[in-house]
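Reader: I've got a new model open on my screen and I'd like to learn how to read it. Could you walk me through it, one feature at a time?

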Amino acid sequence: MEILAAVTARLSALGYTVTEADSAALDYNIKKAETTLKARTNQLEVPEGLFYVWADMAAGMFLTDKKASGALSGVCDTSVTFAIADTGSFEDQFDAMLVKMVNPDAELIAAFRRLVW
């Protein structure tokens, strides 16, 4: 699967419909996530085992940029409260999800890290 298709599928699964106008921002965030993973693993290519981490990072970066620019207005306007636990507003939960997407578990990345001599 190509990375752009994986990022588009991830965004779709999260309820965001990618448009043609998103292509430059998607390309930028895909390359940014790729560069980050290459630097963290000291490899010339993103390891195959980090493909979906790469897709999540790019999608998270894209949504973070969209939210910061106000282009996701309406996404976080609804609040639903359940009696089970107070986990914050929908926006708080959305922000926490984005943080996890953009900053994957260090242990996972470390498993693919190469030492530099």
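Predicted model: local features only at pLDDT ≥ 70, side-chain atom pairs only at ≥ 80, totals over all residues.

Reader: Let's start simple. How many helices and strands are there in the protein?

Author: Begin by listing the elements in chain order. Here you get five helices and zero strands, so the run from the N terminus reads α-α-α-α-α.

Reader: And what share of the residues is buried?

Author: Buried here means under 20% relative accessible area. Of the 117 residues in the protein, 32% are buried.

Reader: Which residues have the most contacts inside the largest nonpolar core?

Author: The general idea first: in soluble globular proteins, nonpolar side chains tend to be buried together. In this model the largest nonpolar core has 27 residues, and I3, V7, L11, L37, W54 and L63 have the most contacts inside it. Helices α1 (3-13), α2, α3 and α4 (90-102) each put in at least two residues, with α3 giving the most, at ten.

Reader: Can we zoom in on one of those? What does W54 touch, not counting residues up to four places away in sequence?

Author: With those left out, W54 touches I3, I30, A33, E34, L37 and V46.

Reader: Now the helix pairs. At what angle do the axes of α2 and α3 cross?

Author: For a pair of helices, look at the approach, the angle and the hand. The axes of α2 and α3 come within 8 Å and cross at roughly 130°, which means the two are oblique. Their crossing is right-handed. On the α2 side you'll find A25, L26, N29, I30, K32, A33, E34, T36 and L37, meeting V53, W54, M57, A58, M61, F62 and D65 in α3.

Reader: And how do α3 and α4 cross?

Author: Their axes come within 7 Å and cross at roughly 140°. Angles over 145 degrees would count as roughly antiparallel, so α3 is oblique to α4. The contact is made by α3 residues including D56, L63 and K67, and by α4 residues including E91, F94 and V102. This crossing is left-handed.

Reader: My eye keeps going to L72. Is L72 buried or exposed?

Author: L72 lies in the loop between α3 and α4, and counts as buried because its relative accessibility is 10%. Setting aside residues up to four places away in sequence, L72 touches Y16, L63, K66, K67 and F94. Y16 is 56 residues from L72 along the chain, yet their C-alpha atoms are separated by 9.2 Å.

Reader: You mentioned K66. Why does K66 count as buried?

Author: K66 is buried because its relative accessible area is 19%, and the cut-off is under 20%. K66 sits in helix α3. Beyond its neighbours within four places in sequence, K66 is in contact with Y16, D22, A71 and L72.

Reader: Last one: what is the phi of N42?

Author: N42 has a positive phi of about 55°, although it is not a glycine. You'll find N42 in the loop between α2 (23-41) and α3 (51-68), where N42 is partly exposed, at 31% relative accessible area.

Definitions and conventions. Residues numbered from 1 in each chain as written. Heavy atoms only, no water. Helix = DSSP H or I, 4+ residues; strand = E, 2+ residues; numbered from the N terminus. Buried < 20%, exposed > 50% of the residue type's maximum accessible area, 1.4 Å probe, protein only. Contact = heavy atoms within 4.5 Å. Core = buried A, V, L, I, M, F, W, Y, C linked by side-chain atoms within 4.5 Å. Axes fitted to C-alpha atoms, helices over the stretch in contact; angles between N-to-C directions. Parallel < 35°, antiparallel > 145°, perpendicular 65-115°, else oblique. Left-handed = near helix turned anticlockwise from the far one by under 90°.
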